[in-house]
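Thank you all for coming; I would like to walk through one model this morning, going from a sheet to the helices beside it and then to a few single residues. Please keep the display open while I talk.

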Amino acid sequence: NSIIPYAVGVDIGCRMALSIYDIPASYLKEKRLLLRDELKAHTVFGSGGDFEKGKRIDHKILENELFETNPLIKKLQDKAYVQLGSSGGGNHFAEFGIVEFEQADTLLNVPKGKYLALLTHSGSRALGATIAGHYTKIAKEKCKLPGEAQHLAYLDMNSDEGKEYWYAMNLAGNYASACHETIHKKMKRALGAQVIATIENHHNFAWKEMVNGEEMIVHRKGATPAGKNVMGIIPGSMTAPGFLVRG
């Protein structure tokens, strides 16, 4: 019944999202410059990247009640608005590539073949980072641990601070998902394509799960659930392929 803000991480709810289009793989080579320009037109790259006026969009996530009831999150609403749909920096990216199914996948309902796809990797931007820093500091003040272990300071889920962080963490995760949803909707519209399958999963999060008959808080930093038939995405480097996996 405890949660460790730093074990969730700074980029709360960071995730992978994949859209597979009804477009043949050859389109990538034929329209490479067009695809590059569409990425640059519809998302923003770089640490601290914001959308300019006129390119910002509204989303129902910005109407979450925490933007009114939590003083910290209330101050972050404007920043969340201007960064909605941005991609960030570091190891985050948005890229087009080719997905190959060596045989038909009945669960995803995708026939055998090679398809154009969009893969994105990013998280909750400044909103998540600020939430993580704020509640990690509170945890360290309330849970005194030796220097080597201080980042494992935890919050009791029965405490006001623990409950606040739990709701804030979930908001940040949903905001990260909204960012991906925004990017993928823009790209679908720009390409005039049909999406035949989508996959999304997140890391840097905490889940309530039953473990040996007892409810636990399971933290996954840089790791995703891999239960039966749960789809996952393992991204490659800039020189290596990625993989779709199923738990």
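Let me begin with the naming, since helices (H or I, at least four residues) and strands (E, at least two) are DSSP runs, numbered from the N terminus. What you see is a predicted model, in which local features need pLDDT of at least 70 and side-chain atom pairs count only at pLDDT 80 or more, while totals for chains, interfaces and linings use all residues. Residues are numbered from 1 along each chain as its sequence is written, and side-chain values use heavy atoms, with hydrogens and water left out.

I start with His-121, which is found in strand S4, residues 113–122. With a relative accessible area of 6%, His-121 is buried, where buried means under 20% relative accessible area, exposed over 50%, and partly exposed in between, with a 1.4 Å probe and protein chains only. Taking contact as heavy atoms within 4.5 Å, and not counting residues up to four places away in sequence, His-121 touches Cys-14, Arg-15, Met-16, Ser-87, Asn-91, His-92, Phe-93, His-180 and His-203. For Asn-91 there is also a distance to report, as its backbone oxygen lies 3.1 Å from a polar atom of the side chain of His-121.

Now to the sheet around that strand. Two strands pair if DSSP finds at least two bridges between them, and in general the strands of a sheet pair through backbone hydrogen bonds, either parallel or antiparallel. Here we have an open sheet of four strands in the order S3-S4-S2-S6, with antiparallel pairing. Its edge strands, each pairing on one side only, are S3 (93–101) and S6 (195–202), and the twist averages 25 degrees from one strand to the next. Strand S2, residues 15–24, pairs with S4 in the antiparallel sense over seven bridges, and Ala-17 stands opposite Thr-120 in S4.

Which strands does H8 lie across? Helix H8 lies across S2, S3, S4 and S6, running at about 15 degrees to S2, whereas helix H3, residues 32–42, lies across S3 and S4 and runs at about 135 degrees to S3. For these angles, axes are lines fitted to C-alpha atoms, for helices over the stretch in contact, and angles run from 0 to 180 degrees between N-to-C directions.

A nonpolar core is a set of buried Ala, Val, Leu, Ile, Met, Phe, Trp, Tyr and Cys residues joined through side-chain atoms within 4.5 Å. The largest one has 35 residues, and those with the most contacts inside it are Ile-3, Ile-12, Ile-131, Tyr-135, Tyr-165 and Met-169. The largest share of this core, nine residues, comes from H8. Apart from it lies another core, of 15 residues, including Val-99 and Phe-101.

Turning to the cysteines, if a disulfide is a pair of cysteine sulfur atoms within 2.5 Å, the count comes to zero. Cys-179 is in no disulfide, and the nearest cysteine sulfur, that of Cys-14, is 11 Å away. Cys-179 is buried, at a relative accessible area of 0%, and Cys-143 also counts as buried, at 11%.

I finish with Gly-89, in the loop between helix H6 (77–83) and S3. Gly-89 is partly exposed, with a relative accessible area of 23%, and touches Gly-46 and Ser-47, not counting residues up to four places away in sequence.

Definitions and conventions. A polar contact is a pair of N or O atoms within 3.5 Å; within protein, one must be able to donate a hydrogen and the other to accept it, and residues adjacent in sequence count only if both atoms are side-chain atoms.
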